[in-house]
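Me: Before I rely on any label in this model, I would like each one set against the rule behind it. Could we go through them in turn?

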Amino acid sequence: MRISDLLAIGELRLRLLTGDPATEFTGVHITDLPEPGRYLSGGELVLTGMMWRGTPDDAARFVAALVEAGVAALGAGQAWLGHIPADVVAACAAAGLTLIEVPTEVSFRTVAELVVPRLSGDVRDALGRHRRLLAAVAEGAALPELFALTAAELGVTGSVVSAAGQVIVGSIEDPVRPARAYLTASRLPCLVGEHTIFGVGRGDRAAGWVLVCDGDLLDRPDLGYELADCVAVERSRMEEGRRVERRLAAQLLTAALAEAGLAELDARLRTCGLDAAEPYAIVNVTVLPAGRPGEPDPVGGTDAAELGGQVVEELLGREVVAAVRPDGAVALVPLRGSTVSGVAGRLRAGVEVLSALPGTRVCVGLSGALTGAAAVKGGAGEAGHARRLAEARGGGVVTSDEIYTHALLLATTPGDVRRSFADRLLAPLLDYDGRHQSELVRTLSTFLDCAGSWNACAERMHVHVNTVRYRIRRVEDLTGRDLSTMTDRVDFFLALRAG
């Protein structure tokens, strides 16, 4: 109930002295104790005869106790003092507490008797509304229908976006902004521009949904929570329907990795909604804690591969289903007029948004374009290698084009071995550069990038060609290597990228 509703009851003849008439209260409490905070739970309209007031200084203490307890408004009676002292009005105004005047001839009991039934009616209305919304969801109302209904029932409009910044329902100009705010918020709900955002359901935020309500609902969060609950119920129902699809995808992968017959694989491919002649790609995803490469530790209590499956489905707009395997979540992605680079672009855009989530790395590997069921095993292998390279890089998206290079060799070599290899070759040069402020390591890297061309290296570094010759000789003297040989050039090339 709002204070304005209370003021509208003519027989009470109440008067607003300070504050917002739109203030809502959830109950009535009568007290004249000087320190009533311990008996208050928050949200009440406190009615007082002001018998606690001995001096003007008492007003500030009393009002401060009410504000600390979360009281919604104060109703002060005239019966004891015959008026409402200016110090009480000033204390409420300073604290932002709504204050109403109760005339001498109106008893607090009368106020309570008139208000309590109305408050009960508000609760009954809210429960009835909530039941109607849940009934609509249970009867199969899709999200657009649910939002149309909540606009009528709650007066709330808005959208739902994924944590990766994709619009699920509704229309919003910049869905990435509330997604990033959701990923980084220490507390929800919170205000983002002209919208109030709420989390939908439970689970790790990396795979979460965000309810974006139009306007500021921080003073009425119950409306946002109510709509978020309904969206969560609908999402759960949608998830139930995807479980069968996930099981079929898992059976296809299991059969392919076990090298089942082509006829069986073709049949399983069709059960997954793919034609044997239709091009597709395979994606492999895990979500790991930041700074712990290669460790399949849980994030937010969820298994890395399981969370990876949830994330990849959201990254690709729930157009795919992911089968959770020990080496990551795997999904077959129909290309349908798109390309592997197009899919990679969509994945990178979503992963870039998710990078805002503290302490989390999304690692994605993507195979090349495939056709036919027989290619599933090889594609799954490609995607797995690419994902491991993404892990070694600290997260991101890696395609199969990148794994058929020295990068895969380095990524699959234990970190301590890579560091030892790099230190053995480069430590003398780093030490020399540190003592002489020289640029041997930079010159070596540029020289190799220029395929051993003295002139090209000198031009790129803006130095004389003899300077390059001198520096490369110093590199050879310090390391005992010969940069005219391909073997030593390859060793240095790898060492520069292994550290």
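Reply: Let us begin with burial: a residue counts as buried under 20% relative accessible area, as exposed over 50%, and as partly exposed in between, with a 1.4 Å probe and protein chains only. This is a predicted model, in which local features need pLDDT of at least 70 and side-chain atom pairs count only at pLDDT 80 or more, while totals for chains, interfaces and linings use all residues. Residues are numbered from 1 along each chain as its sequence is written, and side-chain values use heavy atoms, with hydrogens and water left out.

Me: Why is C190 called buried?

Reply: The relative accessible area of C190 is 17%, so C190 is buried by the cut-off of under 20%. C213, with a relative accessible area of 0%, is therefore buried as well.

Me: How many disulfides are there, and by what rule?

Reply: A disulfide is a covalent bond between the sulfur atoms of two cysteines. The rule applied here asks for a pair of cysteine sulfur atoms within 2.5 Å, and by this rule the count comes to 0.

Me: What makes β8 an edge strand?

Reply: Strands (E, at least two residues) and helices (H or I, at least four) are DSSP runs numbered from the N terminus, and two strands pair if DSSP finds at least two bridges between them. β8 and β9 (residues 195-200) are joined by 3 bridges and run antiparallel, with C190 and I197 as bridge partners. The open sheet of 5 strands has the order β7-β6-β10-β9-β8, with antiparallel pairing. Its edge strands, β7 (167-169) and β8, each pair on one side only.

Me: What makes a set of residues a nonpolar core, and which residues have the most contacts inside the largest one?

Reply: A nonpolar core is a set of buried Ala, Val, Leu, Ile, Met, Phe, Trp, Tyr and Cys residues joined through side-chain atoms within 4.5 Å. The largest such core has 44 residues, and V283, V311 and L347 have the most contacts inside it. The largest share, 7 residues, comes from α10.

Me: Why are the buried residues of α15 said to line one face?

Reply: In α15 (residues 454-461), C457, A458 and M461 are buried. Seen down the helix axis, the buried residues of α15 fall within an arc of 100°, so they line one face of the helix; the arc is that of the directions from the helix axis to the C-beta atoms. An α-helix has 3.6 residues a turn, so residues three or four places apart point the same way. On the other side of α15, N455 and E459 are exposed.

Me: What do the buried residues of α15 pack against?

Reply: They pack against α14 (440-449) and α16 (465-479), where contact means heavy atoms within 4.5 Å. T443 lies in α14, and T443 touches C457 and M461, among other residues, not counting those up to four places away in sequence. With a relative accessible area of 0%, T443 is therefore buried.
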